[in-house]
Amino acid sequence: MSDNGTLLAAIDLGSNSFHMVVMRLQDGQAQVLDRLKEMVRLGGGLDDDNNLSGETAERALECLARFGQRLRDMPRGSVRTVGTNTLRKARNSAGFLKQAEKALGHPIEIIAGREEARLIYLGVAHTDLETDEKRLVVDIGGGSTEVIIGQGFTPEFMESMPLGCVSTTQRFLADGLLDAESLKQAERDARLETRPYEYAFRHHRWQRAVGASGTAKSLAAVCHANGWCEAGQLTADGLKNIRKALIKSKTIDHLNLPGMSDDRRPVFAGGYVVMQAVFDAFDIETMYISEGALREGLIFERVERMKGINVRSNTMERLQRDYRVDRAHAQRVADTALTLFSLVQEAWSLDPEQDGKTLRKAALLHEIGLMLSHTGYNEHAAYILQHADMPGFSQQEQQRLAAIVRAHRRKLKKSWMNEQPDELRDTNLRLATLLRLAVTLHRSRSPRNVVPALELRAQDNTLEVSFPEEWLERHPLTCSDLEREADYLAPQLRLGFR
């Protein structure tokens, strides 16, 4: 099937600015049709308890409403929106996301730092000079800095450092002074933050340093406008000249450099501090500036999926391999769980695209905790799924998988369900119930085990399972297991069988 004419959009909800790009796929290439950018300064809206202020949230929602107007006619699934450092930190992000999705008209995900780094590298690799050299990619955002080493289109090593142009400005330059002593102290503190990552990256030999996103572009633009660097580059000598210019300005309010935009002024010095620390940590002399970053990475990952390259499948296979999952057994459980799903899909209003695929992933990974311990392995598995680096998965997806896998055996704790989003609580309970039944029906783990034809009747949080006549009498262990499952699920869901 030809992809010509397919429209895709990606939005990056950064800590400093929101970016949107709209592209059209044409003859296997992604052609930019539109770009929008607004300085929202989301990171500046976090209070001491990491709650997003009402004023900042309102500013963000107004921006998303404008983005939403541009995307109003684009179908579901053609727009991918991700939140980064600030939304990872915000304690009240769940409430904000509900309003944000309504304003935008499309779903929003929050991605982990290393997943952000992976997508940034993908965006850079598709837009940078084609080369066999190993790249060091640096993306300084508002609240974090992603550093990646890779070759070709494959990232090899990734880290997310807790330094950004907004957070650094707030921590080290909050008084707005740009004298030599203030900058020296900020540079020293930033260098301490980068030191652990310097050691981690030391044995990775790279040949080409590439900078992505606003801070790198802004610093390079100022260098070029003042004759300190060639266009599209940032150099160590150029940064030294920027430092002199900052000190000469004395304060952030008086900062006015050729090549610097007005909306970049408040965080320009903070961005310089982080970049200088990066140059020092990784001994960079020249950095080339990329037009691609996170949002382009989101688009190109979608293009790769359309070509049959599935990062999520690769991640799941890696987890199964690393945690020594019995893949054949997991596949049998998944097949049975999806058969049960099809019998209750309509009655329970389940979405085969979202809920069905989630159930399949949970079934394929439900035993990854066995490598640690059989006792409570469902909780070990849930911890792994919630906290592991899982390329291709958002934090919400990882949390949902963790919730279902945690609830697939033993007695349910009410707190497990209460920790989940309100709109998914009942659905996740029902998916966990289907997984529990599939696991029960495959307790023998035998490939010769034949699951009987079942009838399922579902309504609200009630499930009745009918077995063929006399089947339960011939399988007393399964009957006993089902009775125990009914006790475990009560009172959150009533399970009956005959």
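Trainee: Which helix does T433 lie in?
Mentor: In this predicted model, T433 belongs to helix α17, which covers residues 422-441.

Trainee: And is T433 buried or exposed there?
Mentor: T433 is buried, since its relative accessible area is 1%, and that falls under the 20% cut-off for a buried residue.

Trainee: What does T433 touch, leaving out residues up to four places away in sequence?
Mentor: On that count T433 touches L463, L489 and L493.

Trainee: Which backbone oxygen lies 2.9 Å from a polar atom of the T433 side chain?
Mentor: That is the backbone oxygen of L429.

Trainee: Switching to strands, how many residues of β6 are buried?
Mentor: For β6, residues 134-140, the count is 7 of the 7, so the strand is largely enclosed by the rest of the structure. Both of its faces are covered, with K134, L136, V138 and I140 buried on one side and R135, V137 and D139 buried on the other.

Trainee: Which strands does β6 pair with?
Mentor: One is β7, residues 145-151, which pairs with β6 in the antiparallel sense over 7 bridges, and the two form a hairpin with 4 residues between them. The other is β9, residues 208-212, which runs parallel to β6 and is joined to it by 5 bridges.

Trainee: Which residues stand opposite each other in those pairings?
Mentor: I140 stands opposite T145 in β7, while L136 stands opposite A209 in β9.

Trainee: Last one, how many residues of α4 are buried?
Mentor: In α4 it is 12 of the 15, so the helix is largely enclosed by the rest of the structure; the buried residues include E115, E116 and R118.

Technical notes
Residues are numbered from 1 along each chain as its sequence is written. This is a predicted model: local features need pLDDT of at least 70, side-chain atom pairs count only at pLDDT 80 or more; totals for chains, interfaces and linings use all residues. Side-chain values use heavy atoms; hydrogens and water are left out. Buried means under 20% relative accessible area, exposed over 50%, partly exposed in between (1.4 Å probe, protein chains only). A polar contact is a pair of N or O atoms within 3.5 Å; within protein, one must be able to donate a hydrogen and the other to accept it, and residues adjacent in sequence count only if both atoms are side-chain atoms. Contact means heavy atoms within 4.5 Å. Two strands pair if DSSP finds at least two bridges between them.
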